Amino acid sequence: METIVGLKRTHKCGTLREEHVGQEVTVMGWAQVYRNLGGVIFVDLRDRSGLVQVVFNADKDKEMFEKADTIRSEYVLAVVGEVVLRNADTINDKVPTGKIEILAKELRILSKAETPPFYIEENSNVREEVRLKYRYLDLRRPDMQRLMELRHRVTKLARDYYDSQGFLEIETPMLTKSTPEGARDYLVPSRVHPGHFYALPQSPQLYKQLLMLSGMDRYIQIVKCFRDEDLRADRQPEFTQIDLEMSFVNIDDVLEVNEGFMKLIFKEILGIDLKTPFRRMTYQEAMDRFGSDKPDTRFGFELVDLSDIAGSCGFKVFSDAVAKGGSVRAINCKGGDAKLSRRDLDSLTDFAKIYKAKGMAWINVGENELKSPITKFLTQEEIDAILNRMQAEPGDIIMFAADRNEIVYDVLGNLRLELARRFDLLKKDEYDLLWVTDFPLFEYSEEEKRYVAKHHPFTMPLDEDIPLLSENPQKVRAKAYDMVFNGTEVGGGSLRIFNADLQQQMFEALGFTKEEAWEQFGFLMTAFRYGTPPHGGMAYGLDRLVMLLAGRDSIRDVIAFPKVKDASELMTETPGTVAPKQLKELHLKLDDLI
């Protein structure tokens, strides 16, 4: 096999232009396309910068021509040659190098290749499982390389921006202590401490707070985090955060700095001038209007509360829901009659059942009549009141949900998104960013039969809600905030508790005894004794942010070597078994697996 000894690459393939005509260049890359036209061979040579056409002429060098005739797809080549203009009738306006080509003077075949399992081409329509199995080939494709470049640019912009704002990049440990609250930890057994385990960090939360106690003032880290939880399109077991923390700040300070970052990202990446400050919406407003704490506000179909009208109506599904403390809400699918058939309504009813709805009531507003299975249970006065509040017009379809509030929000919040997908309202070139604030400090876990922290146990409650911690924890609001980008949470954070007594009160509200709290978090409580500045911060999901900037639907597209839904990596067949010797060194013994 030939080597590049004695050669030095002078140009990248996609950078050659008309101004290089007459120059001798050396290029290296992969053979994209090979064409033998009898006496002349054309090879499109590709590297990360693009491709260029190379010409091998039998009349000028028969031996090199015969060697070129052995080239096949994905062979790795080095070519020395002269840049010349193409004939007018062979110009290719579809590529930046389309007006020139290289007349080869020397060819070296650096590496041969078997026929790849799929074509290395733009936007390859290949099953994702195959692409991930051969990810090193998938990453050769130009669109995938652009995604990796985009991720690099966003990461560099983050480092440069926060550096300009006085942040220090500081690394925190990967082997940490497992603590309760949050997702399931990935555990690492200790060889030197038998029976003890490290945890891989779900986030650097406690360490970055300790850095504020250390007087670092402003911290940032581009950091790997790990959560052992079920996967979906925008979630991975290992993911990357742009993690930051600030001392002596209030909410406005944190939001202002981070709006500046997003303004820079949009300008540099998309050429868009974002207007700041971003709109702010409380958690309760977001739930009431959009049925979601990460509302997509690029389209309508907002939720409307009809509980006062439907609470005493003759339709028991409605009246029973209100009597039990729930609600009746609806969305108006404007113009839905022209877009949705009865079969479509049945499929939407099935869709609603995914989110624990018992069914879906609806009213189709016609020119002269109403079509609905529920109007016979309602008085004309109730019908008129519903139509008036929903601002219904002929051609609209009103869709209802009645149940506990959390189910109603979930059903209608997802139903409005499904309608937007069906009606093609989710335009990827439209960008809507907002803050959602004043989250509940706690949420009730049916699984654990207790209140758990909605964000984490170190979130500061609103000052006026602190007295409610002991008696009415469900009513306590947090100094927490999420940045929402087109209906996806891309970042979130809070101001932190910096008082030891309040932190102990928080632990008690979460069901920890004093002894349990000290066992798990004693190092933090001890640190609080030595002077703690008010502090707060947030973290971005870098993978999600890049995914949205790229207009993609899955974060797997913007991660070089992602996992699939069962948390395995197809290329390396991870996770795998280990040798008995390794288990013995870790003092572990596996039970028989069923």
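Modeller: A search of the whole structure turns up 52 salt bridges. This is a predicted model, where local features need pLDDT of at least 70 and side-chain atom pairs count only at pLDDT 80 or more, while totals for chains, interfaces and linings use all residues. Residues are numbered from 1 along each chain as its sequence is written, and side-chain values use heavy atoms, with hydrogens and water left out.

Biologist: What makes Lys-428 and Asp-553 a salt bridge?

Modeller: The term asks for a side-chain nitrogen of Lys or Arg within 4 Å of a carboxyl oxygen of Asp or Glu. The closest N and O atoms of Lys-428 and Asp-553 are 3.1 Å apart, so the pair qualifies. Lys-428 sits in the loop between helix H12 (405-422) and strand E17 (433-437), and Asp-553 in the loop between helix H15 (542-549) and H16, so the bridge ties together parts 125 residues apart in sequence. Helices (H or I, at least four residues) and strands (E, at least two) are DSSP runs, numbered from the N terminus.

Biologist: Why is Asp-553 called exposed, and Lys-428 partly exposed?

Modeller: Buried means under 20% relative accessible area, exposed over 50%, and partly exposed in between, with a 1.4 Å probe and protein chains only. Asp-553 has 56%, so it counts as exposed. Lys-428 has 44%, which makes it partly exposed.

Biologist: How do you know that Asp-305 and Arg-329 meet in a salt bridge?

Modeller: Their N to O distance is 3.7 Å, so the pair passes the salt-bridge cut-off. Asp-305 lies in strand E12 (residues 304-305) and Arg-329 in strand E13 (residues 327-333), so parts 24 residues apart in sequence are tied together. Asp-305 is partly exposed at 33%, whereas Arg-329, at 7%, counts as buried.

Biologist: And why is Phe-290 called buried?

Modeller: Its relative accessibility is 2%, so Phe-290 counts as buried. Phe-290 is found in helix H7 (residues 283-290). Leaving aside neighbours within four places in sequence, its contacts (heavy atoms within 4.5 Å) include Met-281, Pro-295, Leu-303 and Arg-416.

Biologist: What makes you say there is a kink in H14?

Modeller: The bend at a residue is the angle between axes fitted to the seven residues ending there and the seven starting there. In H14, the kink is about 90°, centred on Phe-521.
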